[in-house]
Amino acid sequence: MLAQQSSSPSTRGRYRQAGVRSGLALIAGALAVGLIACGGGTAPEATNSAAPPATKPTVAQAPPGAFGTAAAVSASSLEVQNPSTGQVTVNFSSSTTFSNTVSGTLADVTAGSCVTVSSTATGTTRPAPGTPITARTVTITTPGPNGCTAGAGGFRGGNGTRPSGSPRPSGSARPSGTNGKGGGNFGGFAFGSVSAVTSTGFTVHGVARGQTPATDTTVTVNSSTTYSKVESATSSALAVGDCVAAVGSTDDTGAVTAKSIAISKPGPNGCSQGFGGGRFRGNGGGTGGGNG
């Protein structure tokens with residue numbers, strides 16, 4: 001009869017240790033598999049499949065400068081306040097050009113002068129070029145070496161620019177014929193040089209633009225027509241409360257060194273920002289905010 005083999009305590013201990021180690025190894029392996037299955041292991045580098053951000057549309061930027069109400073005036077600078085941009089210091093010198101928009105009359109409309117005329121008519125259809133109009137507002141400027149020219153920013157007189165960034169007074173029409181943002185409301189308009197003047201109005205010889213030829217427009221005026229004229233000026237024309245459009249470079253403190261300063265009187269709503277960011281309104285009109 002075979003004798004039953006018995007294990008010593010030390011042997012049984014070694015077996016138990018070996019079993020524990022094997023169990024731990026199995027548990028560790030299971031955990032590793034589980035982590036990999038759940039994404040806890042090293043995963044392949046993800047490919048960024050997100051669509052690139054949409055490109056922001058390009059919008060017209062306001063010219064560098066300051067637009068607002070003159071809050072303080074000194075011998076070589078002024079403070080310009082704007083509800084949107086705050087207060088800005090504008091420095092000027094003997095090289096700064098000034099223009100001032102003042103009230104005018106029909107007598108200021110002379111043959112050869114440059115005019116921008118807005119009509120009393122409104123509508124949703126653009127009138128044909130040369131359609132006779134009754135003037136609501138007339139803005140008068142002096143022709144320059146190139147006469148009266150029209151650019152992308154609007155009617156221009158003087159040296160081929162709107163003089164010194166001068167305002168478009170009294171809500172005068174934009175050369176496109178639109179009377180409002182987006183062009184939803186069209187009225188008659190005329191811009192160009194005056195070719196003849198009568199006691200009841202004048203004739204405007206238009207400016208050719210692209211494929212649009214120059215046309216003559218008969219303008220009739222009445223007792224409701226308002227006139228304004230843009231004149232060359234000096235810094236002495238500046239006064240607290242005026243609407244100011246200063247164009248020039250801005251330094252790191254935000255102060256503007258003005259190349260040109262346009263002055264006009266505030267309208268019923270004061271000096272307000274118009275459409276397009278750079279158009280500054282005084283006298284109920286607006287500036288193109290630039291000098292060219």
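Analyst: Let's start with Cys114 and Cys148, which are both buried, meaning under 20% relative accessible area, where over 50% would be exposed and anything in between partly exposed (1.4 Å probe, protein chains only). The two are joined by a disulfide, with an S to S distance of 1.9 Å; the term stands for a pair of cysteine sulfur atoms within 2.5 Å. Its S-S torsion is about -90°, so the bond between Cys114 and Cys148 is left-handed. It ties together distant parts of the chain: Cys114 belongs to strand β5 (residues 114-119), while Cys148 is in the loop between β6 (133-141) and β7 (149-151), 34 residues apart. Strands here are DSSP runs (E, at least two residues), as helices are (H or I, at least four), numbered from the N terminus.

A quick word on where this comes from. The model is predicted, so local features need pLDDT of at least 70 and side-chain atom pairs count only at pLDDT 80 or more, while totals for chains, interfaces and linings use all residues. Residues are numbered from 1 along each chain as its sequence is written, and side-chain values use heavy atoms, leaving out hydrogens and water.

Now for Cys243 and Cys271, whose sulfur atoms are 1.9 Å apart in a disulfide. This one is left-handed too, because the torsion about the S-S bond of Cys243 and Cys271 is about -90°. Distant parts of the chain are linked again: Cys243 is in strand β14 (residues 243-250) and Cys271 in the loop between β15 (256-264) and β16 (272-273), 28 residues apart. Cys243 has 1% relative accessibility, so it counts as buried. Cys271, at 12%, is buried as well.

That brings the count to 2 disulfides. Numbering the bonded cysteines along the chain, the pattern is 1-2, 3-4.

What about the nonpolar surroundings? A nonpolar core is a set of buried Ala, Val, Leu, Ile, Met, Phe, Trp, Tyr and Cys residues joined through side-chain atoms within 4.5 Å. The largest has 15 residues, and Leu78, Val90, Leu238, Val244 and Ile261 have the most contacts inside it. Two or more residues each come from β1 (65-73), β2 (77-82), β3 (86-91), β14 and β15, with β15 giving the most, 4 residues. There's also a second, separate core of 14 residues, which includes Val117, Ile140, Val219 and Tyr227.
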